[in-house]
Number of protein chains: 2
Amino acid sequence: MPTINDVAKRANVSPVTVSRVLNGAPNVNDMTRLRVNRAIAELGYVPNIVARSLRSRRTRSIALILPDITNPFWPTVARGVEDAAQRDGYTVLLCNSDENAQKQARYLEAVISQQVDGVLIAPANSDAANLAPLRDRAIPTVVIDRRVDGWDGDAVRGDSVGGAELLTRHLIELGHRRIAMLSGPATTSTSQDRFAGYQAALQRAGIPLDPDLVRFGEFRQGSGAEMTHAVLALQPAPTAIFAANNAIALGAIQAVGERGLQVPQDVALVCFDDVSPSAQLFPFLTVAEQPAYQMGLEAARLLFARLDEGDAHPPRLITLPVRMIVRYSCGSGRGESILSLPLPHTAVVAA
Amino acid sequence: MPTINDVAKRANVSPVTVSRVLNGAPNVNDMTRLRVNRAIAELGYVPNIVARSLRSRRTRSIALILPDITNPFWPTVARGVEDAAQRDGYTVLLCNSDENAQKQARYLEAVISQQVDGVLIAPANSDAANLAPLRDRAIPTVVIDRRVDGWDGDAVRGDSVGGAELLTRHLIELGHRRIAMLSGPATTSTSQDRFAGYQAALQRAGIPLDPDLVRFGEFRQGSGAEMTHAVLALQPAPTAIFAANNAIALGAIQAVGERGLQVPQDVALVCFDDVSPSAQLFPFLTVAEQPAYQMGLEAARLLFARLDEGDAHPPRLITLPVRMIVRYSCGSGRGESILSLPLPHTAVVAA
DNA sequence: TTGTAAGCGTTATCAT
DNA sequence: ATGATAACGCTTACAA
């Protein structure tokens, strides 16, 4: 592996000059720059980022810590982050915490050890203690998708409360009164907020909350199936289900099928997050779609801005609008129509 | 950020001794080790991997370069890699080449620059020139899922030919004679091999190959939909479709629906790779499932073995068996039965 | 069992 | 516009 010194010798300059060329410093003679670039090409030289980072104390890398890489929502967020990072010349370390606070803690230590310049994290739960290693070292951090109690730093979230309220209201308007709410862990803010929206919609419609119809589990298909079986066994059973995310909704569809019933004929279903990429295949599934790609993009931008500016600005919170996509099929069941509504009572808020 | 020197001072030892404790060297006095560990804990010291890597010339990181992170097949592979890596204390850099040779080249340069110890790659195409930077620098590499012409290094693949033949034969046994083959880029070996298996099955059944029924596009839903529309517009139209991967199959389902038809009533469909996690939702879809998780696991193990052994062993090729899952529904369409067949003529081959 | 010295490849700083 | 020097934090090699 050729080093900067090899390049310097071949170009008859000092290593410092090569470094200047590599970093696009303005004060380099055009001829010199040419010679250096030729030497770089001839040797197939690639800078050693490890050495650069050690000296410059910046790695131009960020960590992206996600709770579940097998849920298509998160890879979409990741692509937004990647695209933003690529534009700014940052490398993304993608970590999968598996919704597990311990695994998340291990990854945090790992990426601190890797000297990442900043961290994007969708935390496994809303306990700020889990983020202490970041705060202690003053590592710029943007929290994605979820609230963390007592943490006031940069954050990007979808409007969980508003979206949940809208979905629930939709079911109510269709005539449903026994609506089950199948949610993720009670310790995540998205579970809490979507439950709050559900509760608000019921209250506004004068429908009493039946605690039996509210379940907290995991944001996974298996958990969704279990919870669905549980609520469908109730007497009387709910006529509609609100799934707090796409994986839970898939579990619901599965469980409904296992009981010899069908969505939407026998049980109505709505959910948060789209079930992409196969969304078109469920023309009956009304969803509150969060702009996943944009969420990643905005979060990364926020982080890069913070890395540039330091603590000049106060923390920023970006709340992204959620749009409800009402899908319904007509006639034979093969028709497809998508009705897309902008959410009136949400907006991008800079706090 | 405390350094190894801070720890050394607090524990009244030299930095070298701290380094020994960190790396689990055997020749350290128990009392000393205790003092050092206490100092580490008290200071909240985390080793600087950048400095360690610069000196030791090993980063304990590997790159995983995948063609499409939004296809659930690849995240599953990634989880296998991650799990193997975590066990061996390696960090995985996940890169998404987007099936794009240029983007792949940029990522290769980036991870070389990052000094990764090794690379796992599912190459965007079968041209060995794309992997030259790895070969030139003698960076241990394992090629996943796809062949690279003229590259003889470690590799892990599924049995594309056998799986394709099995799927095609299945359709033939169901009575189909006009079977469309919708594939990915002709430059990827998986497209080529699956086409070869398709061809072999037709030939064995004495069915002439109709070039109009064979299409090469991209491994994406959109491409699958386009190709489906194209072949369904033929006169006479095919009665069955073999999709070369899950995304193409989803596109086929979509396009069939858009034409007012249904799978499997109007058009039969089989595909390579499962459409997980929504597999249960398509109880009609017969697939050739590659063991994605295991593929990642084996590939990582192969790489770690290579990193340990150097070039002691000749290149190893692991071909993983593909299992065909025949799904069929009875009666109302809600029944689910899965018939799983081990593939008789495939095996793990160590070459 | 522990320590000293040197150096990994780059860039910050200061000088010319 | 270019160069000399030192330093980033750690581990290797050697010494005690």
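**Notes on the two-chain model**

1. Let me start with a glycine: B:Gly24 comes after helix α2 of chain B and has a positive phi, near 65°. (Helices here are DSSP runs of H or I with at least four residues, strands are runs of E with at least two, and numbering goes from the N terminus.)

2. Some ground rules. This is a predicted model, where local features need pLDDT of at least 70 and side-chain atom pairs count only at pLDDT 80 or more, while totals for chains, interfaces and linings use all residues. Residues are numbered from 1 along each chain as its sequence is written, chains are lettered from A and ligands numbered from 1 in the order written, and side-chain values use heavy atoms, with hydrogens and water left out.

3. Chain A overall. The C-alpha trace spans about 85 × 45 × 35 Å along its principal axes, and the secondary structure comes to 12 helices and 13 strands. Of the 351 residues in chain A, 55% are buried; buried means under 20% relative accessible area, exposed over 50%, and partly exposed in between, with a 1.4 Å probe and protein chains only. Taking contacts in chain A between residues at least 6 apart in sequence, 69% join residues at least 24 apart. (Contact means heavy atoms within 4.5 Å.)

4. Domains of chain A. Domain 1 covers 4-47, domain 2 covers 59-145 + 291-318, and domain 3 covers 161-289. Those bounds come from an automatic or database domain assignment. The centres of domain 1 and domain 2 of chain A, taken over C-alpha atoms, are separated by 34 Å.

5. A:Val92. You'll find this residue in strand β2 (residues 91-96) of chain A, and A:Val92 counts as buried because its relative accessibility is 13%. Leaving out residues up to four places away in sequence, A:Val92 touches A:Ile62, A:Leu64, A:Val81, A:Glu82 and A:Ala85.

6. Start of chain B. In helix α1 of chain B (4-11), the buried residues are B:Val7, B:Ala8 and B:Ala11. Looking down the axis of α1(B), these fall within an arc of 100°, so they line one face of the helix. (The arc is that of the directions from the helix axis to the C-beta atoms.) The partners they pack against are α2 and α3 of chain B.

7. Helix α2 of chain B, residues 15-22. Here B:Thr17, B:Val18 and B:Val21 are buried. They take up an arc of only 100° around the axis, so they sit on the same side of α2(B). Their packing is against α1 (4-11) and α3 (30-43) of chain B.

8. B:Asn12, in the loop between α1 and α2 of chain B, has a positive phi of about 60° although it is not a glycine. B:Asn12 counts as exposed because its relative accessible area is 68%. A:Arg57 has a positive phi of about 65°, again without being a glycine; the place of A:Arg57 is the loop between α4 (49-56) and β1 (61-66) of chain A. With a relative accessible area of 72%, A:Arg57 is exposed.

9. Cis peptides. A:Val263 and A:Pro264 are joined by a cis peptide bond with omega about 5°, and A:Pro264 lies in the loop between α11 (246-258) and β9 (268-272) of chain A. In chain B, a cis bond links B:Val263 and B:Pro264, with omega about 5°; B:Pro264 is found in the loop between α11 (246-258) and β9 (268-272) of chain B.

10. A helix pair in chain B. Helices α8 (residues 160-173) and α9 (residues 189-204) of chain B pack at an angle of about 40°, their axes 7 Å apart. (Axes are lines fitted to C-alpha atoms, for helices over the stretch in contact, and angles run from 0 to 180 degrees between N-to-C directions.) α8(B) and α9(B) are therefore oblique to each other: under 35 degrees counts as roughly parallel, over 145 as roughly antiparallel, 65 to 115 as roughly perpendicular, and the rest as oblique. Residues making the contact include B:Ala164 and B:Thr168 of α8(B) and B:Gly197 and B:Ala201 of α9(B).

11. Finally, B:Thr228. This one is in helix α10 (residues 221-232) of chain B, and B:Thr228 counts as buried at 0% relative accessibility. Setting aside residues up to four places away in sequence, B:Thr228 touches B:Leu182, B:Ile241, B:Gly251, B:Ala252, B:Ala255 and B:Val256.
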